[in-house]
Amino acid sequence: MTITRRNVLLGATATAALLPIAGRAQTTEVVIGLTYPFSGANAQIGVDAQKAYETALEIINKKYDFDLPLAKDEGLPGLGGAKIRLVFADHQSDPQKGRAETERLITQEKVCAVIGTYQSAVAVTVSQVCERYQIPFISADNSSPSLHRRGLKFYFRAAPHDEMYSAAMFDFFDAMKKKGTKIETLALFHEDTIFGTDSANAQLKLANDRGYKVVADIKYRSNSPSLSAEVQQLKAANADVLMPSSYTTDGILLVKTMAELGYKPNAIVAQDAGFSEKALYDAVGDKLEGVISRGTFSLDLATKRPMVGKINAMFKEKSGKDFNDLTSRQFMGLIVMADAINRAKSTDGDKIREALALTDIPGEQTIMPWNRIKFDEMGQNNDADPVLLQYVGGKFVTISPPQAAVAEAVWPMK
């Protein structure tokens, strides 16, 4: 199978057709493009993302009794019940490949919207192409703060960015200090693309503002074959908290190198990415009991909102995994885009953009612990509240903020 040609359609024919309705032609199919890494070191990210989008697609194209936009109708009622078809493209973790694949999706596959991309560096080029063609882009799972500050009119992000995530981390540090926990020094460890750089800049600023001392600020080459020198620096700095911003393969190498060199920090508070991925815990989870990662999704929410558990079960049947921070954001990305297309009653890019700008979805109508989804003038949702999750006994539990927590933090990590 060649993923760049992969189409997914549930409950509809695979070819577009035009039917005369009320004196005008109306499409029975809406085509949305999604670009992810389906080959190379990050291929599993793309595989999991596809399962998340297919779960959302099933809910949209079929009928379910969920309090979620479009769940209770088949297809898009605003377009006469038109079904959504997804076309996936492999950007291979390469920003320039992402640029080319996005252009192909728009000009050849005739998509009316694009969603992606996992890596923030790829989102830069993908969103630029979408802007040029006036095609709406939802940045489903990219967290670099600079992405929504480039003056793009067709860029939207429902999930938090790394300044919001980092603020949640420092709120947690402040709360722990008030309880008597010693947290004075921090070590920042980040890869060298826009994700790691933006994350470290946000954390450095917050550390200065909140009175924490950064004793190490280490940038390393993404997909580096060795991190021994960097881990030696971290060990020498001996900070109270290690704060990595790393994708999966780098995260695995970091943890293995720490074990080899005998570096055991009191706490690791990670900027998600690799530290939310099952592949990392399959590889080195025995060394990460008590690690903390920021996130936007908590399966604990299912106790208060039963549909979260039911939708998670649908995803797990397809993927063999529970939703995590990435796949939950991907799921919501398609829900938000489909909701806007439905309200626009059109596949025209400008009309979809206008509908996205008017989005206002209550948090209770999502699978997330968010207040709501409502975009500001730059396309960012500022009402997406992050959570902190701790890996305990082979699973994640929510430890912060207090209104979402189901357990106290274990500190120091074991």
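**Cavities, pockets and cores**

User: Which residues line the largest cavity?
Analyst: In this predicted model, the largest cavity is lined by Y118, S120, D141, N142, S143, F195, Y247, D272, A273, R294, L326 and R329.

User: What volume does the largest cavity have?
Analyst: About 70 Å³.

User: And how does its lining divide by class, nonpolar, polar and charged?
Analyst: The lining of the largest cavity has five nonpolar, three polar and four charged residues. At least three of its residues come from each of domain 1 (29-160 + 304-383) and domain 2 (163-295 + 388-400).

User: How many cavities of 30 Å³ or more are there?
Analyst: The count is two. The second largest cavity has a volume of about 30 Å³, and its lining consists of I45, D48, E277, N324, L326, T327 and Q330.

User: Switching to pockets. How much space lies in the largest pocket?
Analyst: About 660 Å³. Its lining has 28 residues, and D322, F323, N324, K395 and F396 lie nearest the centre.

User: Which elements give two or more residues to that lining?
Analyst: α8 (278-284), β13 (292-295), β16 (387-392) and β17 (395-400) do. β17 gives the most, with four residues.

User: What is the lining of the largest pocket like by class?
Analyst: Nine residues are nonpolar, seven polar and 12 charged. Domain 1 (29-160 + 304-383) and domain 2 (163-295 + 388-400) each provide at least three residues of the lining.

User: And the second largest pocket, how much space lies there?
Analyst: About 400 Å³. It is lined by 22 residues, with D171, F172, S400, P401 and P402 closest to its centre. By class, this lining has 15 nonpolar, two polar and five charged residues.

User: Where does the largest share of that lining come from?
Analyst: From α4, which supplies eight residues. α4 (162-178), β16 and β17 each give at least two.

User: Now the core. Which residues touch the most other members of the largest nonpolar core?
Analyst: Y53 and F331, in a core of 64 residues. The elements that each supply at least two residues are β4 (29-36), α1 (43-61), β5 (83-90), β6 (113-116), α9 (306-319), α10 (325-344) and α11 (349-357). The largest share, 11 residues, comes from α10.

User: What does Y53 touch, leaving out residues up to four places away in sequence?
Analyst: Y53 touches L34, Y36, L86, F88, I115, A140, Q330 and L334. Another core, of 25 residues, lies apart from the largest one and includes F189, L242, A270 and L288.

User: One more residue, D198. Buried or exposed?
Analyst: D198 is buried because its relative accessible area is 15%, under the 20% cut-off. D198 is in helix α5 (residues 194-210).

User: What does D198 touch, again leaving out residues up to four places away in sequence?
Analyst: S144, P145 and S146.

User: How far apart are D198 and L147?
Analyst: They are 51 residues apart in sequence, and the C-alpha to C-alpha distance is 9.9 Å.

Key: Residues numbered from 1 in each chain as written. Predicted model: local features only at pLDDT ≥ 70, side-chain atom pairs only at ≥ 80, totals over all residues. Heavy atoms only, no water. Core = buried A, V, L, I, M, F, W, Y, C linked by side-chain atoms within 4.5 Å. Buried < 20%, exposed > 50% of the residue type's maximum accessible area, 1.4 Å probe, protein only. Contact = heavy atoms within 4.5 Å. 1 Å grid on protein atoms, 1.4 Å probe; cavity = no way out; pocket = protein on both sides within 12 Å on 5 of 7 lines; lining within 4 Å. Points joined across faces, edges and corners; volume = space filled by probe spheres on them. Nonpolar A, V, L, I, M, F, W, Y, C, P; charged D, E, K, R; others polar. Domains from an automatic or database assignment.
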